[in-house]
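User: I am new to this one. Please walk me through it.

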Amino acid sequence: MLNNIFTNSILTVSNDTGSFNITSFLLCTLCSIILGIIIASVHGYKNHCSKGFATTLALLPAMVQVVIMLVNGNLGTGVAIMGAFGLVRFRSVPGSAKDIASVFLAMASGLATGTGYLAIAVLFVIIIEVFSITLTKSSFGENNSGERCLKITIPESLDYSDIFTDLFQKYTTKNQLLQVRTTNMGALYNLNYQIELKAGASEKEFIDELRCRNGNLEISCGRILANKDEL
């Protein structure tokens, strides 16, 4: 079942480098396009994806497959050529981790179909995409939901080193001062903290008590945003 389909030749065209099976070529191309559409569809699940990139993912397995077939099964040559093609995608626009994973999945499925292992290609794509959807729907790899980015503005007259210590002990399990920046011609300090709220702690009450300490100047508290470019 998982054997190479090129062992059974139908409508074979011969050339100087070997034989080219027309029926097998059409079957592999159809399988590659179907797998490419599946990969592109799953990539767009809960992920921003442009139409151009989705189209590229859908067609990439077929393009890799054709290259592998044209080099007559020479995987070394085929991988070198398609590796160079794959790098073109990232020369101008950086790709996220999920973009890169989808590109490599498309290339791997094209390599499998290009060498005639259609069953392996189908099983491989199904397994990877099922796990991809499962991990996307789960909380795997997400930051702790209690983590916050806290920004506090204080007048220059206040000593920021320990003015909020008791409040942090009351409302947070951990806190770290990441950055101190002066503003308004040095009349104000902007403090940037990374904190983790205690279970059941009220964010509003925490901010209200901070406002009493900083003279009711600007305070912002929000989730830590993940970077778009992860690799």
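Analyst: A term comes first. Patches are made of residues with over 30% relative accessible area and no salt bridge; like charges are joined within 9 Å, and nonpolar side chains (Val, Leu, Ile, Met, Phe, Trp, Tyr) within 5 Å. A salt bridge is a side-chain nitrogen of Lys or Arg within 4 Å of a carboxyl oxygen of Asp or Glu. This is a predicted model, where local features need pLDDT of at least 70, side-chain atom pairs count only at pLDDT 80 or more, and totals for chains, interfaces and linings use all residues. Residues are numbered from 1 along each chain as its sequence is written, and side-chain values use heavy atoms, with hydrogens and water left out.

User: How much accessible area does the nonpolar patch on the surface have together?

Analyst: Its members are Tyr117, Ile120, Leu123, Phe124, Ile127, Ile128 and Phe131. Areas come from the Shrake-Rupley method with a 1.4 Å probe, and for residues only the protein chains shown count as cover. Together the patch has about 620 Å².

User: Why does Phe124 count as partly exposed?

Analyst: Phe124 lies in helix α5, residues 118-137. Helices (H or I, at least four residues) and strands (E, at least two) are DSSP runs, numbered from the N terminus. Buried means under 20% relative accessible area, exposed over 50%, and partly exposed in between (1.4 Å probe, protein chains only). Phe124 counts as partly exposed because its relative accessibility is 36%.

User: What is the relative accessible area of Leu123?

Analyst: Leu123 is also placed in helix α5. Its C-alpha is 9.8 Å from that of Ser109, 14 residues away in sequence. Leu123 is partly exposed, at 42%.

User: Which strands are the edge strands of the open sheet?

Analyst: The sheet has 4 strands in the order β4-β5-β3-β6, with antiparallel pairing. Two strands pair if DSSP finds at least two bridges between them. An edge strand pairs on one side only. That gives β4 (172-183) and β6 (219-222).

User: In β5, which residue is the bridge partner of Asn175?

Analyst: Strand β5 covers residues 188-197. It runs antiparallel to β4, and 10 bridges join the two. The partner of Asn175 is Ile195.

User: At about what angle does helix α7 run to β6?

Analyst: Helix α7 (residues 203-213) lies across β3 (147-155), β4, β5 and β6. Axes are lines fitted to C-alpha atoms, for helices over the stretch in contact (heavy atoms within 4.5 Å). Angles run from 0 to 180 degrees between N-to-C directions. For helix α7 and β6 the value is about 155°.
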